[in-house]
Structures are given as C-alpha cells and as structure tokens.
Amino acid sequence: METAGYTEEQELIITDRYNDLIDSCKKIAKTDEEWELIRKAFFLAKEAHKGVLRRSGEPYILHPIAVAKIVVEEIGLGSKSVAAALLHDVVEDTDYTVEEIEAIFGEKVAYMVDGLTKMAGVVNTDTSKQAAYFRKVLLTLSDDVRVILIKIADRLHNMRTMASMPRNKQIKISSETLYLFAPLAYRLGLYSIKTELEDLSLKYRYPEQYNEIAQKLNETEAARTAFIDRFIAPIRKQLTDSGIDFTISGRVKSIFSIWSKMQRKNIPFEDVYDLFAIRIVFKPTELIPEKSQCWHIYSLITDIFPPKPDRIRDWVNFPKANGYEALHVTVMGPDGVWAEVQIRSERMDEIAERGFAAHWKYKQEHSSDDEFDNWLQEVRNALHGPTDDAIEFLDNVRLTLYTNEIVVFTPKGEPRKMPQNATVLDFAYNIHTNVGNKAIGAKVNHKIESIYQTLKNGDQVEIITSDNAHPSLEWLDHVTTAKAKQSITTFLKRSRENNVEHGMELFERKMSEFGITPRARVFRKILPAYECRNKDEFYSKLGSGIINLDDVEKVLRQNSMSKVLKFWDIQLTKPSKTGGGDMVVGGGEPDANAPKFVIADGCNPIPGDEIVGYRNPESNTIVVHKAGCEDITRLAAQHGENIVTNIKWSSYKAESYLAELEVRGIDRIGILVDLSQVITVEQGINIRNLSIQSHDGIFEGKISVYVSDTASLNALLDSVSHIKGIEKVNRTL
C-alpha cells in the first residue's frame with residue numbers, strides 16, 4: 001500500500017520521526033504561528049521529496065527532519081530555522097523556487113533556504129568553484145549566521161549516515177569536513193558538533209586507526225572510571241562543604257584528539273596521559289561575580305591537588321574569539337597522574353555546548369561577548385580581500401577559523417587576542433595596516449626584538465616603525481594571521497611589477513608537480529644555481545623569462561642527501577594473486593606505463609609510515625604523504641578524486657631517509673658522547689646534525705639522522721630512551 005508516494009511502512013517511520021521533532025520543538029515554538037510554520041514546512045518538504053530515496057534506501061524526507069532536529073536540539077535555534085532546515089534541499093532538488101518559498105513562508109525563511117541552496121555547490125566542485133561558493137555563503141554569514149549553522153547541521157547528519165557511501169566519496173567528504181566544517185563549527189562555539197565531525201572524519205579516513213583507539217579506550221574504561229571516581233570524591237566533598245551548587249563529571253577526550261596527539265608527538269596510545277577531563281559546572285550566586293566564583297573553586301581544588309603552573313588556561317578573563325569561557329587547570333591527581341579540570345558556570349556551559357545561539361541569548365547581559373562581532377569583521381575582510389587564487393582564499397579564511405589563542409598586551413595594557421605562533425609582524429598588522437607596513441622591530445617586554453620574533457602569552461609589545469620601511473616578499477614567510485598575509489599581499493601587488501608575482505606562480509606550480517613546498521632548504525639549492533641573490537630576484541627573472549625551469553629537476557637532485565626530491569627507480573608492481581593490485585612504493589617489477597612516486601617534502605614519510613598518495617593530474621606522478629598530514633587533508637578536501645589509498649611500502653631498504661628527533665633530559669658530563677655512541681656505533685646510523693642546549697641542569701636538543709625505515713628509527717628511539725638522564729625522545733619529522 002502507498003500513500004502519496006510512500007509505502008505504509010515508510011509513512012509510519014516518517015510520522016514517528018516527525019512526532020519526535022515536534023516534541024523537540026516544544027521548547028522553542030510558543031505561538032500558533034510558529035507551529036503552523038513548522039507544520040507547513042514539513043508537509044511541503046514531504047510532498048516535494050516523495051518517492052526519492054537516499055543511498056541507504058530510506059525516504060529522503062528523513063534527512064531534512066534529522067537536520068531540523070539537530071538545529072533545535074544541538075544548536076538551539078528557533079522555529080524559522082527549523083522550517084528552513086526542513087526545506088533546505090527543496091529548491092535545489094525539486095521544481096520549487098526561492099520566490100515560491102518566500103510567498104509561502106516569508107522573507108527570512110526564504111533567505112536562509114536561498115543561502116543553503118547556494119552552498120550546496122561546495123561539496124562536489126573543483127577548487128575554484130568551491131572557493132566561489134564558500135565565499136558567497138560566508139557573505140551571508142554577516143547578515144544571518146543561521147545559514148551556516150543549518151549547513152553545519154546538514155553536514156553532521158550526512159557524516160552520521162555516510163556508511164553507505166562509496167569509499168572515494170567517504171574520503172573526499174570527510175577530508176572536506178575536517179578542512180572546513182569542523183573549524184567552522186569550532187569558531188561558532190559548537191564544541192560537541194566540532195568534536196563529532198572530527199571523530200567521524202577520522203572514522204572514514206583511517207578506519208583501522210579509529211577502531212584501534214576505540215578498542216583501547218573500551219579496554220581501559222574500567223580502570224579509568226575507578227580513577228575518575230577516586231579523583232572526584234575529595235573535590236565533591238570540598239565543594240559541597242563550601243556550599244557550592246554544582247555538578248561534576250569525567251569525560252574521555254575524543255578519539256580524534258587522542259589520535260592527533262599520537263601523530264603530533266609520534267607516541268603510542270599508552271603514552272597519552274591526558275585521556276580525560278573533569279568538568280565542574282556551578283550555579284552562580286547573585287552576589288558574587290562568576291569570575292570570582294571560578295577562581296574560588298580553583299583554589300578549593302588546588303588545596304587538594306597541586307596544579308601544573310604552565311597548564312592554567314584563563315578563558316574567564318580572556319574568552320576565546322568564539323565566546324568560550326572557562327577556567328582550565330591541570331593538577332596532579334592520585335597515583336601521580338595529571339588530570340585536567342574545567343570550571344564553568346551554567347551560562348558558560350550553555351555557550352560551550354551551543355555556541356553562537358547561546359552567545360546571542362546572553363549578549364546583552366555580558367558586554368565582553370562581542371568576540372563574535374570581531375570575528376565576523378575578520379571574515380568580511382577576508383572575503384573582500386584582493387586574492388583571486390582559490391586555494392589562497394580558502395587557506396586565508398581557514399586561518400580565521402581554527403587557531404589556539406594567546407593574549408598579547410599593547411604598551412598601554414590593552415589586551416589583544418592573537419593566534420598561537422603569531423609574530424611581531426602579525427601583532428603590528430593587528431594594530432593597523434599602516435603600522436604593519438612600516439614596522440622595523442619591536443620592544444617585547446621592553447627588550448628589542450626582530451619583527452619575525454614569535455610572541456608568547458602575556459607578552460607586552462611596542463611596535464617600532466620607520467617611514468622608509470615597507471613589506472617584502474620574505475614577510476609572508478613570517479606571518480600567520482589572515483589579515484597580515486592579506487595586507488602584505490595587497491601592498492606587494494600594488495607596488496611591484498607583475499613579473500615577480502608571475503614568477504612565484506610559475507615556481508610554485510612547478511614545485512607542486514614534485515610534491516614540494518617551497519621552503520628555505522629548497523631555495524638554498526635554487527638561488528646559487530640560477531645566480532640569484534634572493535627570492536625576489538629569482539622570481540623577477542623567472543616571471544620575465546630571463547631564466548626558465550627546464551633543468552630544475554636536475555638542480556634539486558644534486559647532493560640531495562635530505563631527499564628534497566626523490567623519484568623511485570621502481571614504481572609499480574603488477575597485481576598479484578594476493579596483492580589486490582596495490583601500488584607498492586620502492587619495490588617490485590617495473591612497469592613502463594606506471595606513474596612515478598614522489599616523496600612529499602613537507603611530511604617526509606619513510607618506509608613503515610602509513611601513507612596516502614595524491615595523483616598529480618598534470619604529470620604522471622603520485623606524491624606520497626604521511627597519512628594524516630595537513631597537506632593531504634587539504635588536497636583530499638579539494639581534489640578527492642585524485643587521492644590514492646591503495647599504496648604501500650615494499651621491503652626495499654637500500655635508501656636512507658632524513659628523520660628528526662627531539663631529546664630532553666638531565667644534563668651531565670658525557671651525555672653528548674653517549675648520544676653519539678648509541679646513534680653511530682650501536683645503531684650504525686649517520687648523524688646529519690646534532691644541536692644541544694643546556695640551562696638550569698636541563699638539556700634539550702634536536703638530532704637529524706638518516707634511517708632506512710621506521711623499524712630502524714624505532715630501534716634508535718628505544719636505545720636513546722635508555723641512556724642515563726634522557727627523559728624524553730620522540731620523532732618530530
């Protein structure tokens with residue numbers, strides 16, 4: 001039996017999901033007009049999508065219902081947003097027009113549906129079209145942020161239901177989610193959604209690693225729960241005795257954050273010590289400011305457990321740019337285990353969970369909550385910037401989305417939020433474009449520093465300027481903020497000849513064929529070979545045709561001990577009975593028609609590392625990256641169809657590969673000799689560079705070595721870790 005294009009069974013499912021949505025809407029729909037709006041939107045969407053099924057086989061209408069429920073339950077938007085969520089695919093997928101939606105539902109709902117329809121093109125287009133669509137949608141952000149919030153809800157439900165998608169689509173969509181939508185959710189304060197998007201992206205990009213961490217978390221759950229109970233017990237008693245109304249809970253950190261730490265520090269799961277965080281949410285009293293109550297709770301906790309001084313995060317006095325407020329402290333708990341405690345009021349907790357929607361609710365009460373407005377202005381500036389390059393635009397916008405923050409002070413004590421790793425130049429441009437353009441140095445904490453100096457949390461900075469100063473191309477290598485990059489680029493484009501810019505484009509395009517990021521060590525080879533004193537001269541000569549890049553491959557090969565560029569002699573094996581047709585890097589029988597493998601310069605994978613390839617459509621090459629490297633995430637988001645996952649290392653180990661180690665320990669006489677002995681004599685490994693610094697009885701160092709694969713590298717790490725006095729050793733490259 002069918003009813004209006006649906007079977008009886010489908011009708012029952014649809015009705016059940018719709019009633020569930022209606023239950024959720026009781027908290028936001030207060031008038032008959034609001035209920036009528038939601039009902040009309042549902043029935044029009046149901047009629048418009050009748051007979052259409054998702055890839056999973058379920059009726060398509062279940063998707064907009066699910067998106068609408070996320071909008072109300074997990075983001076906290078109102079009835080107009082619920083209606084727009086129900087209708088978000090109607091204009092794109094059916095014969096309805098935006099004008100018809102406006103006639104039925106009003107201007108606001110139609111505006112949101114129109115914005116969502118425009119954004120639909122982001123998912124399956126090439127990079128330049130993707131940038132154009134994203135620019136259009138972000139332009140709507142300054143007028144009605146609900147468009148972006150509904151789109152994030154749409155993406156979340158698509159990620160939750162992606163199991164039925166083909167593998168190549170899973171990789172592209174999850175990479176795009178990690179590259180754009182998770183940072184966007186973070187910047188809008190949607191922490192829970194951001195975390196789930198990251199976890200789901202990891203699940204579909206690297207399922208084996210995801211499942212391995214999930215299994216280990218499950219295996220250690222009982223011991224972890226017992227520890228959390230022991231940790232919480234004295235805190236609960238202390239806060240209760242102090243008359244504080246609160247809730248306390250322990251939460252495991254996300255699988256993605258654990259995986260990221262394992263990748264970043266090159267450590268196994270067992271060495272990740274901060275697997276969970278304790279959260280305290282208190283009901284504030286009217287007579288005492290929330291900030292004071294946060295610090296009072298902090299003092300009660302640190303009376304029980306000693307804090308780690310360098311791990312206090314004060315987002316109470318200095319909220320994050322997305323409105324997040326909390327006080328974080330890491331303390332030494334039972335059994336010598338460090339644990340993070342997050343302290344929030346109920347208001348802070350609601351903003352942390354629901355982000356922008358909750359922020360707007362409290363905006364009038366808390367004047368400090370203007371960080372969203374500041375960020376929206378940053379987005380507007382990025383949108384109206386001079387760049388026409390699609391990748392540059394996307395990267396610049398992304399810079400405004402996903403950064404850890406520090407607080408830096410002006411000479412008069414005004415706090416300015418800056419991204420972590422920001423330089424003096426970034427700060428100068430944060431003050432004003434003209435200040436940045438004329439900067440020649442700075443007084444950082446009353447000490448003269450270069451404009452390239454990296455700033456730290458709490459620094460006080462006074463910019464030194466000169467009327468004779470102006471930006472140079474080199475400045476772009478020493479700034480991290482979108483505003484600074486944009487301002488420098490604008491100046492250079494106005495004041496310099498086009499042949500420099502053209503030369504830069506030619507060189508970067510050529511380097512991309514080899515999977516190389518133009519960096520200092522590349523230019524140390526390039527500049528002498530082409531008789532140029534600096535990058536500006538090289539780009540100028542290249543752009544004007546004085547020199548060409550016909551022999552650049554030969555130049556890069558010369559004395560390439562660090563493998564700046566490495567083509568494999570044997571690139572591809574023929575499919576074997578058991579091999580499943582995998583491409584094998586570094587072994588097997590040669591195939592004249594096979595693509596060449598190029599080792600990516602940025603992440604520098606070595607045999608044994610998990611790898612993913614990017615097939616360059618302009619040349620017969622596959623650039624090999626470490627799985628999880630930032631470049632491959634961006635490439636998969638923008639060119640998912642060119643990602644190659646069925647590649648693996650062979651047992652070919654005749655080559656040496658550069659790896660970089662970081663060591664730390666107790667300084668003593670002979671430590672350098674012992675390090676050299678273990679590396680060169682015991683392990684038979686060549687050292688390229690060894691640098692050690694000692695202060696206050698502690699030494700830190702970096703060691704560059706040539707290894708044959710990850711097995712030899714891991715053996716070296718193990719041997720070094722057993723040297724007397726060595727506290728930490730890990731791979732950084």
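Modeller: Buried means a relative accessible area under 20%, exposed means over 50%, and partly exposed is in between (1.4 Å probe, protein chains only). This is a predicted model, where local features need pLDDT of at least 70 and side-chain atom pairs count only at pLDDT 80 or more, while totals for chains, interfaces and linings use all residues. Residues are numbered from 1 along each chain as its sequence is written, and side-chain values use heavy atoms, leaving out hydrogens and water.

His446 sits in the loop between strand 10 and strand 11 and counts as exposed, because its relative accessibility is 72%. Asn445 is in that loop too, with strand 10 covering 439–444 and strand 11 covering 447–449. Asn445 comes out at 38%, so it is partly exposed. Most residues other than glycine have a negative phi. Asn445, though not a glycine, has a positive phi of about 55 degrees, and the phi of His446 is positive as well, near 70 degrees. (Strands are DSSP runs of E with at least two residues, helices are runs of H or I with at least four, and both are numbered from the N terminus.)

Five strands make an open sheet in the order 3-4-7-6-5, with mixed pairing. Strand 3 (246–252) and strand 5 (313–314) are the edges; each has a single partner strand, so one side of each has no neighbour in the sheet. Two strands pair if DSSP finds at least two bridges between them.

Zoom in on strand 6, residues 327–332, which pairs antiparallel with strand 7, residues 338–345, over six bridges. Along this pairing, His328 stands opposite Gln342 and Thr330 faces Glu340. The two strands form a hairpin with five residues between them, and in the turn Asp335 has a positive phi of about 65 degrees. Strand 6 also runs antiparallel to strand 5, joined by two bridges; here Leu327 is the bridge partner of Asp314. Strand 6 is mostly covered, with five of its six residues buried.

Finally, follow helix 16 (residues 346–354), which lies across strand 3, strand 4 (276–282) and strand 7, at about 105 degrees to strand 7. Contact here means heavy atoms within 4.5 Å. The angle, on a scale from 0 to 180 degrees, is between N-to-C directions of axes fitted to C-alpha atoms, for helices over the stretch in contact.
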